[in-house]
Structures are given as structure tokens and as C-alpha cells.
Amino acid sequence: MELSWSEKFASRVGRVKGSQIRGFFSLTERPEVISFAGGFPDSDYFPREDISRAISELIEEEGRYALQYTPTEGNYELRTFIARKMRREGVRCEAEDIVVTSGTQQALDLISRLLVDPGDPVLVEEPAYIGGMGAIQSCGGEPVGVVVDKNGACPQKMERALSRLEKQGKTPKLFYTVPNFQNPTGYTTTEDRRRKILDLASRYNFLILEDNPYGEICYEGTIPPSYKSLDTESRVIYIGSYSKIFIPGIRVGWIVGAPLLVEKLIMLKQSADLCSGSLGQRLVYRMALDGYVDENLSRIIGLYRQKRDALFYNMKQSFPPEINYTRPQGGFFVWVTFPDYYPPAYEILTHAIERKVAFVHGQGFYSNGEGTHTARFSFSQPSVEDIHKGISRLGEIFQEIRRQEPVKTAINR
Ligand SMILES: Cc1ncc(COP(=O)(O)O)c(C=O)c1O
């Protein structure tokens, strides 16, 4: 009998959507293409020699443990260290409140599996991090977008969405947010808005999932206090990661949550992967304990700052003035908005790829199909020289687009 795979898949698999970013990745990641698409750290910034030395010492001194399984909730010393780090940021927590995960992506998956039932409305930023939205949707959660502007997610718009849902007899379980140097916009939510959103969470009784991989990659100024540090009702689940502030290859992230949540997450994680890799956990612990991770972070902040400044400088020089873009003080992402009379961003991207330069068009970051004239630019991977070349090339493409649309341009202005 002929085998039909689609018949065999569980019904929940139908909810798993491939990301639009991945769809374009094979094109954008060709070596001859200057790519502003991927949001990975720059592999040239990984301190390979120091890591290699630290791994050898680790195996020599603690190999019996570093090569063994570890408790599902993670290595105790690392959790104690993370708890101390979180307390310095104003979060009251102990090692027992922390679960180490295989990156924050696993945290997003486990938390979605724990909290989201099919049909549950979940508040998400509009636009939002695709991987977060994907985790929620794969559990059947229905994203309800809350527009993000330069001050972060907008509490008035959130309240409107909440009262709309209330009229339908629905309450969202959760608001998923990346409050610092957001992926994809680069925006940071102000303290005032964080407090207002916490107040809404209390009044409408939903949880806040605070995803913070970029907060420490801060080029100037400071970030507002975290939702978790302002939380007096244990409503906030905080997730952090060593991927961007150190290295992603070790896959070390963490969750800080209330005791019952932690207990259930450990049960779910047990069936997901038994535990995150001990080698990575012990490595990051050793290297963080003696201050190396922080020193390395200061070094890479300086390097990424140069790239961000090169991007701003070249965008100012080469982009027509009607193209708007954000100017984040941290993280990896700049959000670009084209005027309505330009072609949709995916068409511009197709031209750009022909000219060997790439970015991500923005529609995939929206749960409602909007964002046709937006794009995400990441400056973390291309070199300063390529940033210059790539943005000048795009500037030429945009000038050509303007010349092709003179009548429409005049009308729309
Ligand atoms: C906002 C956000 N959350 C989570 C992740 C996942 O990161 P990791 O699993 O490496 O910690 C990313 C990765 O780009 C991200 O941008």
C-alpha cells in the first residue's frame, strides 16, 4: 500500500507554519549576497581560542560531570549564578525559581505548551518576533496584535483589544513581549508603558511573558526596569539567554517564574529533552563566574555599535528621505518603513536579491497580514565594509523605484 505521510501527522502539526524568513534564507545566505536578513551574532566575534582553552580545562577538571546528564531544571551552580544576576536587575528570585532551557526558543515552546490551549487568544506585539508567535500558534493560540510604536506596545490599544475580547467572553492568557530593542523593530517599551501594561494584566487577569535576549546589548543610555522587577503579583514569566550576549552554540537560556509554573515546566522539559547540555551549562558558568562573559560583552558591544553607526550613516547618505527607519540604542535590528506608493517590500527584496543584497520583508512579523511596506534590517552579521556597499546598492534600487513611479508619487504626496 502506498504510504501517505500527511495522513500520519498529528492534527497539531497543521498549525506549524514555516517562517517566511526561512523561506528566503537559502537566497539571502548565499556567500555572494550581502545580507541584512539573519539576526545571528557575528561568528567572527566569538572568542574561539578562549573558549577552546576553557573547554579543555573544563573537561580536565570536571569532565565526569560536564559530560554527564544534568538535572532537568539545570545545573545548580549556574541557576544560583543566574538568580544573583537577576537580583542585581531588581528581580526577587532564587535558584529554585529558575529553569535552564536550551535557548529561549525552548522556553517559548515549553511555556506555550504549558499555558496555551487551541483557540486561546494571546496578546502579541504587532509586529512580533516570529519564533515567539510560531510557538504560540503551534499550540493553537490565536494571536491578538497590539501595535508597537517608538515607546513600545501601546496600552490604550491593548485595552481596546481586551474589551473587544471581553465582549466575546474571552480573556487572553498571556501577553508575549520583547520589551528591549525588540526583534524586529528595535523599539524599547518605556517604564510608564510597562507599568500601565502590568496594571492591565492585573485588571484583566493575564500573564506577561517577557523575552529579553537583547537588553544587555545596549550602545548608549540604559534600559527601563524589567516587567519582572516591577511585578508584585508573580504574573510575569521572564526568559533570558546567553545566545546574543555570549554564544548561541551552547544553547543556554533560562526561565524565571512562580514555583508552580517552574514545577510544571520541569515536567514538560523532562519529556522534551531530559535536560539541556551539561557541557554548555558548565562552560558558561565557569566563564561567567570569573567575569569573562561580561568583559567579552563589553568588547562586542563596542564592535556592534560600530556596525550600527555604519548602518545609520549609510542609510542617511543613500536612502531617499521618504523611507523611515528606527534608530535603536541596542540590539541588532532596524525597522524600515517604505511609503505606500512604493511596491510591496517582498517585491523590493526580489530586486535586491538580484543585485546581491538582502533584508527581510516585514509581513511575516505581523499576525494580521499587515506590514506589506516594512522590512527588518539586521546589522549584526555583515562587516562595516559590506554595510557600506550593501546600503549604497539598496539606495540605488530605491532611487530607481522612485523614478519608475513619478506620477503615483506626486499624487500620494
Ligand atoms: C526575541 C527573540 N527571542 C528568542 C530568540 C531565540 O534565541 P535563543 O533560543 O538562541 O536564546 C531570539 C533569536 O533570535 C529572539 O530574537
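Helices (H or I, at least four residues) and strands (E, at least two) are taken here as DSSP runs, numbered from the N terminus. Residues are counted from 1 along each chain as its sequence is written. The model is a predicted one, in which local features require a pLDDT of at least 70 and side-chain atom pairs count only at pLDDT 80 or more, while totals for chains, interfaces and linings use all residues.

The pLDDT, the predictor's confidence in each residue on a scale from 0 to 100, averages 94 over the chain, and 95% of the residues score at least 70. Residues 407–413 fall below 50, and this stretch makes six contacts in the model beyond near neighbours in sequence. Two residues are counted as in contact if their C-beta atoms, placed from the backbone, lie within 7 Å.

The domain assignment, whose bounds come from an automatic or database source, divides the chain into domain 1 (5–47 + 294–404) and domain 2 (68–293). Between the C-alpha centres of the two domains there are 24 Å. The domains meet through 34 residues of domain 1 and 34 residues of domain 2. On the domain 1 side, helix H12 (292–318) and strand S11 (333–337) are the elements that give two or more residues, and H12 supplies the largest share, eight residues. This side comprises 14 nonpolar, 12 polar and eight charged residues. In these classes, Ala, Val, Leu, Ile, Met, Phe, Trp, Tyr, Cys and Pro count as nonpolar, Asp, Glu, Lys and Arg as charged, and the others, Gly among them, as polar.

Turning to the ligand, 14 residues surround it, and the closest are Gly103, Thr104, Gln105, Ser241 and Ser243. A residue is taken as near a molecule if its C-beta atom, placed from the backbone, lies within 6 Å of it. Helix H5 (residues 103–115) contributes the largest share of this shell, three residues. By class, the shell holds four nonpolar, nine polar and one charged residue.

Helix H5 also packs against helix H10 (residues 259–273), at an angle of about 115° and with the axes 10 Å apart. Axes are lines fitted to C-alpha atoms, for helices over the stretch in contact, and angles run from 0 to 180 degrees between N-to-C directions. Gln106, Leu110, Arg113 and Leu114 of H5 meet Lys264, Leu265, Leu268, Lys269 and Ala272 of H10. This contact is formed by five nonpolar, one polar and three charged residues.

Some backbone details are also worth a look. Most residues other than glycine have a negative phi, and most peptide bonds are trans. The peptide bond from Glu126 to Pro127, however, is cis, with omega near 5°, and Pro127 sits in the loop between strand S3 (121–126) and helix H6 (130–138). A cis bond also runs from Asn183 to Pro184, with omega near 25°; Pro184 belongs to the loop between strand S6 (174–177) and helix H8 (191–204). Ser234, although not a glycine, has a positive phi of about 60°, and its place is the loop between helix H9 (227–230) and strand S8 (236–241).
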